[in-house]
Amino acid sequence: MTFRPRYTGLIDRYRDRLPVHDDTRIISLGEGNTPLIRLNNIPRLIKQNVDIYVKYEGLNPTGSFKDRGMTMAVTKAVEEGSRAIICASTGNTSAAAAAYASRAGITAFVLIPEGKIALGKLAQAMIHGAVVIQIKGNFDEGMELVKQIGKETPITIVNSINPYRLQGQKTAAFEILEELSGAPDFHCIPVGNAGNITAHWMGYKEYHEHGIVNNLPRMVGYQASGAAPFMRGKMVDNPDTIATAIRIGHPQSWDKAWVVQKESNGWFDECTDAELLAAQKMLTEHEGVFCEPASAISLAGAMKDIASGKIPQGSKIVCTLTGHGLKDPDTAIKQSTRGVLTTDAKLDSVKRAILDNLK
Ligand code: F0G
C-alpha cells in the first residue's frame, strides 16, 4: 500500500507559483483542495444539455474561498513583521482574518456593517477573538475607513486590495484546470469587490501562458440586482440584497474586473434576490449541496444564460460556490418549505408523521 503525502495547504502545494521563500513561516489551516462536484440532477430538471460543475469553496477551513487569500496575506504579514491585521468585511473576510490571525498569534481588527452580516460569520469573528468593530454604515464606508487606517498605522490591510490575497485565490483556477485537464467553456462566479473573478483569471492565464493547458474560459460575473455596479456602469451608493456577502456598491477591483471581462470575452449579468434564493434551494434539495445565498448567484445566473442561449448547449460550465450555507442559518431556515414537525414522544404520533410525509 502506498500513502499519499499529507495535504498541508495551498501554499505548500503551489509553492513554486506563489511569492514565498524556503524559510517562510507558513500560516495555514489546510485550505484549498476543495471538491469540484458535477451536478447530476439540475441539468436534467432544467432540461438543458450542459455539463455543470460546482467548485464548493464553502469546504475551506472557515467555510469560504477567503481562506485561499488569507493564508497568503497573513503569511506575508507575519513575514514582514506585522503584529496586527485589519479588514472591512461583509462577513467572510472577517471570519477568515480572525481565524488566520489567531493561528499566527497576531491581532485581527474587523469592521463590519451593523445588522447586515450573516450570523455564522459574526460568530466566527467573535469566537476567534478578533476585535469586532460594528459600524453604522455599509461595507463601502468601512473599506474607506480601513484604507485610511492602513495609511496612518502599521496595521496590515488584508482586504483583496492586498495583492497577496489574489495570489492565494488564483489557486482555485489551478485546481479546476488540473481536475478537468483543461479549462471549462464558461466560469460563472459571484461578484462583489471583484477580487475573486480577477484572481481566477490570473490563475487561468498563468497555466495557459506556461503551456500547462491550451484553452481559457469565458468569465461570467454575476451581481445581485440591488448591488450591481458592473451592470449600471457606475458605482452604486446604497447597495441592497439579501445576499449580504455581495452587498457592495463600490467594488475595489473595478478596473481589473473590466479587463477580465474584455480579455476573456465574458460578461456581467445580474440576478434578483428571488432568483438567487431559488438556486440556493435547488442546489440543496436536488444536489445535496448547501451554499450561502451569495454563492448561489453563480448557478442562478448560469441557468438564466443557458436558458437564453447565451451559454450554448453542450457547454462545460464551472460555477463557484464561494461560501458554505451554514454561514447564514437564518436565511436557510426561512427558505425551508417543510419546516419542523413537532409530535408527542409516542410511536403512533411519529408513525403518523412519517406516513403523512412519504413521497
Ligand atoms: N461570495 C461570498 C460568499 C463572499 O463573501 C464574497 C465577498 C463574494 C462572493 C464576492 O467576492 O468580493 O472577490 O468579488 N465577500 C467579502 C467579505 C466582501 O468581506 O467577506 P469578491
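## The largest pocket

By class, the residues lining the largest pocket of this predicted model divide into 3 nonpolar, 5 polar and 4 charged. Here Ala, Val, Leu, Ile, Met, Phe, Trp, Tyr, Cys and Pro count as nonpolar, Asp, Glu, Lys and Arg as charged, and the others, Gly among them, as polar. A pocket is an open set of points on a 1 Å grid over the protein atoms alone, with protein on both sides within 12 Å along at least five of seven lines, and its lining residues have an atom within 4 Å of a point.

The volume of the largest pocket is about 220 Å³, a volume being the space filled by probe spheres set on points joined across faces, edges and corners. Gln280, Lys281, Thr284, Glu285, Phe290, Ala332, Ile333, Gln335, Ser336, Thr337, Arg338 and Lys359 form the lining of the largest pocket. Two or more of these residues come from each of helix 12 (273-287) and helix 14 (329-335), helices being DSSP runs (H or I, at least four residues) numbered from the N terminus. Helix 12 supplies the largest share of this lining, with 4 residues.

## The second largest pocket

The second largest pocket holds about 190 Å³ of space. Its lining comprises 13 residues, of which Gly115, Ile242, Thr244, Asp328 and Thr331 are the closest to the centre. Helix 14 gives the largest share of the lining of the second largest pocket, namely 3 residues. In terms of class, 4 residues of this lining are nonpolar, 4 are polar and 5 are charged.

Domain 1 (10-63 + 166-334) and domain 2 (66-164) each contribute at least three residues to the lining of the second largest pocket; the bounds come from an automatic or database domain assignment.

## Cavities

The model contains 2 cavities of 30 Å³ or more, a cavity being a set of grid points where a 1.4 Å probe fits but cannot get out. The largest cavity has a volume of about 320 Å³. Among the 25 residues of its lining, Phe65, Lys66, Gly192, Asn193 and Ala245 are the closest to the centre. Helix 4 (92-104), helix 7 (163-169) and helix 9 (195-209) are the elements that give two or more residues to this lining. Its composition by class is 10 nonpolar, 13 polar and 2 charged residues. Because domain 1 and domain 2 both give residues to the lining, the largest cavity lies between them.

The second largest cavity has a volume of about 40 Å³. Ala118, Lys121, Ile242, Ala243, Thr244, Ala245, Glu292, Pro293, Ala294 and Asp328 line the second largest cavity, and by class this lining has 6 nonpolar, 1 polar and 3 charged residues.

## The ligand

Around the ligand are 19 residues (a heavy atom within 4 Å), of which Ser89, Gly192, Asn193, Ala194 and Thr322 come nearest. Polar contacts (pairs of N or O atoms within 3.5 Å) include one of 2.7 Å between a ligand oxygen atom and an N or O atom in the side chain of Ser89. The ligand exposes 480 Å² when taken alone, and the protein buries 99% of that (Shrake-Rupley method, 1.4 Å probe).

## Basis of the values

Residues are numbered from 1 along each chain as its sequence is written, and side-chain values use heavy atoms, with hydrogens and water left out. In this predicted model, local features need pLDDT of at least 70 and side-chain atom pairs count only at pLDDT 80 or more, whereas totals for chains, interfaces and linings use all residues.

Conventions:
Polar contact = N/O pair within 3.5 Å; in protein donor to acceptor, adjacent residues only side chain to side chain.
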